[in-house]
Amino acid sequence: MKWTSAILVVLTLVSSTPNRAEDKVSYAGYSVVQVGVNSTDEMVGLEAESGCVTLHEWSKHGVGFLCDRFQSPRLRRAAKSKHISTRVSTRHLDRLIREEQRSPRSADPQNNNRRLNARNKNRGRSDMLSHNAYVGVDGIYRFLDALQDSYPNVNVKSIGKTFEGRDIKVVVVNEGRGLPKLFIDAGIHAREWISPAATLFFLDRLTKVLSRRKSKSTPPTIGEKYEWHIVPLANPDGYEFSRTSDRMWRKNRRRFSDSKCVGVDLNRNFPQGYGVGASKNHCSEVYQGPSPFSEAESRAIKNYVEQLQNIRVAVSVHSFGNVLIYPWGYTNKPHPNQRELHRIASSVANAIRNITGEVYQPGTAKQVFGNWGIAGGATDDYYITKGILYSFTMELPEQGADGTEHGFLLPPSNIKRVGRHLSAALTTLAIMANNN
Ligand SMILES: [Zn+2]
């Protein structure tokens with residue numbers, strides 16, 4: 001990416017490991033400005049005029065532009081001349097990132113993992129994840145293994161390897177009982193840390209509820225009526241890179257021989273509407289890749305979903321925006337089942353509100369994000385073409401409980417709160433699909 005290489009500085013990290021140093025992208029002097037653009041043309045024009053880079057999914061009120069101290073006034077001038085609204089949502093991005101790193105529980109993944117290990121060893125149980133810290137790939141995978149060790153109805157498998165050779169793991173709950181299936185993917189965009197964290201909270205809760213001893217006369221809970229397939233971290237390479245090197249990283253870590261720029265936007269690498277709202281430029285945040293399913297990570301999801309029979313519900317978990325998006329995402333044309341999809345999404349939004357008080361807006365990407373939200377190659381569009389009617393993307397919040405906006409840097413004190421939103425949504429979807 002042009003802008004990251006321009007601002008790349010080498011920092012020696014203060015770390016528990018001696019002599020450890022890594023290249024780290026600095027966002028000193030950077031701010032985020034929300035711009036009320038109405039079309040992709042407007043967005044691209046303002047990008048070119050200002051030199052700012054758009055941050056996709058930054059806000060439902062407009063597109064977030066990431067600007068340095070020189071680009072920001074240029075952007076506001078250019079927008080003003082076109083009567084487009086602007087609003088600074090983050091004045092000092094580097095300050096937010098530093099605050100997040102200072103957070104005692106998420107500052108050092110190695111310490112965190114050590115603590116998890118120690119707790120796991122002492123207790124010999126899976127309740128080692130406290131859900132008040134963002135944990136690295138190793139810590140997440142240790143948690144999954146502990147779940148498998150603790151509960152007989154949990155199986156953890158690898159569904160493929162990433163570009164850098166990490167496993168992409170799925171957790172299967174209630175396997176082999178002939179139940180209808182519910183599939184969840186999270187963390188496909190690296191910087192959206194709340195997505196895997198909230199999904200792990202849900203998984204923890206689901207397995208605990210299922211393990212409670214019941215009498216034979218107790219009717220089955222909704223968790224027992226499904227075979228759950230949960231990929232909590234669909235892009236582990238990107239996620240780890242966002243922890244160690246570039247907090248705002250979105251794509252995977254694919255390298256190309258014909259470009260210095262790294263990575264493909266995995267949620268622009270699926271076939272339905274491939275190329276819409278995406279870029280052919282390797283350096284773009286929304287680079288679609290050389291072809292649909294060119295990436296190991298998106299291919300792993302495809303291969304896994306294709307061999308599963310009877311998937312009733314598929315949910316992709318992202319941040320941010322407080323929205324429940326249903327297909328189509330890549331076109332203005334309504335999906336043939338739009339009314340039904342809207343009814344389901346509205347019921348889910350009502351349930352989240354009743355249970356947690358949080359407001360989520362249901363709609364298509366165009367309805368909730370405006371014209372610039374139209375984009376192809378996304379998981380939910382792919383899932384619905386596989387015959388899964390209940391196909392949704394859930395965008396978790398950027399706001400803390402006090403209403404403060406944090407963008408992708410939602411403090412870890414919100415994990416349980418947002419995990420409850422996700423639990424309410426998934427439980428409601430499971431009940432609705434079961435009754436249908
Ligand atoms: Zn996303």
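Helix 7 and helix 13 pack at an angle of about 65 degrees, their axes lying 8 Å apart; axes here are lines fitted to C-alpha atoms, for helices over the stretch in contact, and angles run from 0 to 180 degrees between N-to-C directions. The two helices, helix 7 and helix 13, are therefore roughly perpendicular to each other, given that angles under 35 degrees count as roughly parallel, over 145 as roughly antiparallel, 65 to 115 as roughly perpendicular and the rest as oblique. The model is a predicted one, in which local features need pLDDT of at least 70 and side-chain atom pairs count only at pLDDT 80 or more, while totals for chains, interfaces and linings use all residues. Residues are numbered from 1 along each chain as its sequence is written.

The crossing of helix 7 and helix 13 is right-handed (left-handed if the near helix is turned anticlockwise from the far one by less than a right angle, right-handed if clockwise). On the side of helix 7, Ile194, Ala197, Ala198, Thr199, Phe201, Phe202 and Arg205 meet Ile415, Lys416, Val418, Gly419, Leu422, Ser423 and Leu426 of helix 13, where contact requires C-beta atoms, placed from the backbone, within 7 Å. Helix 7 comprises residues 194-211, and its end C-alpha atoms are 26 Å apart, in agreement with the 26 Å that its 18 residues should span at 1.5 Å a residue; the expected span is 1.5 Å times one less than the number of residues. Among the buried residues of helix 7 are Ile194, Pro196, Leu200, Leu203 and Leu206. A residue is buried if 20 or more other C-beta atoms lie within 10 Å of its own, exposed if 12 or fewer, and partly exposed in between, with C-beta atoms placed from the backbone.

Helix 13 (residues 415-435) also packs against helix 10, the axes coming within 9 Å and crossing at roughly 135 degrees. This angle makes helix 10 oblique to helix 13. Helix 10 passes helix 13 in a right-handed crossing. The contact involves Ile344, Ser347, Val348, Ala351, Ile352, Ile355 and Thr356 of helix 10, together with Arg420, His421, Ala424, Ala425, Thr428, Leu429 and Met432 of helix 13.

Overall, the secondary structure of the protein comprises 13 helices and 14 strands; helices (H or I, at least four residues) and strands (E, at least two) are DSSP runs, numbered from the N terminus. Of the 436 residues, 50% count as buried. Among contacts with a separation of 6 or more, 72% are accounted for by residues 24 or more positions apart.

Eight strands form an open sheet of mixed pairing, in the order 7-8-10-9-11-14-12-13; two strands pair if DSSP finds at least two bridges between them. Strand 7 (154-161) and strand 13 (361-363) are the edge strands, each pairing on one side only. From one strand to the next, the twist averages 20 degrees. Strand 8 (residues 167-173) and strand 10 (residues 227-231) run antiparallel and are joined by three bridges, and Val173 has Trp228 as its bridge partner in strand 10. Helix 9 packs on the sheet, where it touches strand 7, strand 8, strand 9 (181-186), strand 10 and strand 11, and its direction makes about 130 degrees with that of strand 7.

The loop between helix 8 and helix 9 contains Arg253, which is buried, with 22 other C-beta atoms within 10 Å. Arg253 and Phe163 are separated by 90 residues in sequence, yet their C-alpha atoms are 6.8 Å apart in space. Not counting residues up to four places away in sequence, Arg253 touches Phe163, Glu164, Asp237, Gly238, Phe241, Val262 and Gly263.

Phe293 also lies in the loop between helix 8 (236-244) and helix 9 (296-307); although not a glycine, Phe293 has a positive phi of about 60 degrees. With 17 C-beta neighbours inside 10 Å, His131 counts as partly exposed, and this residue too has a positive phi of about 60 degrees without being a glycine. His131 is located in the loop between helix 5 (109-123) and helix 6. Helix 6 (residues 137-150) has 14 residues and reaches 20 Å from its first C-alpha to its last, close to the 20 Å expected.

Cis peptide bonds were also identified. One joins Ser319 and Phe320, with omega of about 15 degrees, Phe320 being placed in the loop between strand 11 (311-319) and strand 12 (323-325). The peptide bond from Pro327 to Trp328 is cis, with omega near 0 degrees, and Trp328 lies in the loop between strand 12 and helix 10 (338-356).

Methods
Two residues are in contact if their C-beta atoms, placed from the backbone, lie within 7 Å.
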